[in-house]
Amino acid sequence: IRRIAMDDQSYDEAGLRALVEEAGYQWRGDIDRKKKHYEVEAVNTHGERVELHVDFTGEIYKEKWD
């Protein structure tokens with residue numbers, strides 16, 4: 001898990017997808033906006049389906065098996 005800096009903190013689907021893919025994950029497409037973060041479904045480098053928690057600064061701070 002690593003931090004990717006984003007200049008624009010208003011994310012749309014394309015911005016979140018770019019962030020997730022730049023961090024090495026494969027995009028799965030489901031996004032859930034929470035009060036303090038986004039939950040994004042992805043596939044990690046091991047081929048496992050995961051849910052990523054991405055804060056509004058662009059940091060992927062949590063990876064949970066989906």
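This is a predicted model: local features need pLDDT of at least 70, side-chain atom pairs count only at pLDDT 80 or more; totals for chains, interfaces and linings use all residues.
1. You will find one helix and four strands in the chain.

2. Next, the chain as a whole. It has 66 residues, and 38% of them count as buried. The accessible surface comes to about 4300 Å², with carbon and sulfur atoms contributing 42% of that area.

3. Among the contacts in the chain with a separation of 6 or more, 26% are between residues 24 or more positions apart.

4. Now let us look at one residue, Glu39. To find it, go to strand S2, which covers residues 37–43. Is Glu39 buried or exposed? Its relative accessible area is 15%, so Glu39 counts as buried, the cut-off for buried being under 20%.

5. Which residues does Glu39 touch, leaving aside those up to four places away in sequence? The list includes Asp30, Ile31, Asp32 and Lys34. Glu39 also touches Glu51, Leu52 and His53.

6. Within strand S2, residues 37–43, there is a side-chain pairing to look for in the viewer. The side chains of Glu39 and His37 are joined by a polar contact of 3.3 Å.

7. Finally, here is a distance you can check for yourself. From C-alpha to C-alpha, Glu39 and Val50 are 10.0 Å apart in space, and 11 residues separate their positions in sequence.

Conventions
Residues are numbered from 1 along each chain as its sequence is written. Side-chain values use heavy atoms; hydrogens and water are left out. Helices (H or I, at least four residues) and strands (E, at least two) are DSSP runs, numbered from the N terminus. Buried means under 20% relative accessible area, exposed over 50%, partly exposed in between (1.4 Å probe, protein chains only). Contact means heavy atoms within 4.5 Å. Accessible areas come from the Shrake-Rupley method with a 1.4 Å probe; for residues, only the protein chains shown count as cover. A polar contact is a pair of N or O atoms within 3.5 Å; within protein, one must be able to donate a hydrogen and the other to accept it, and residues adjacent in sequence count only if both atoms are side-chain atoms.
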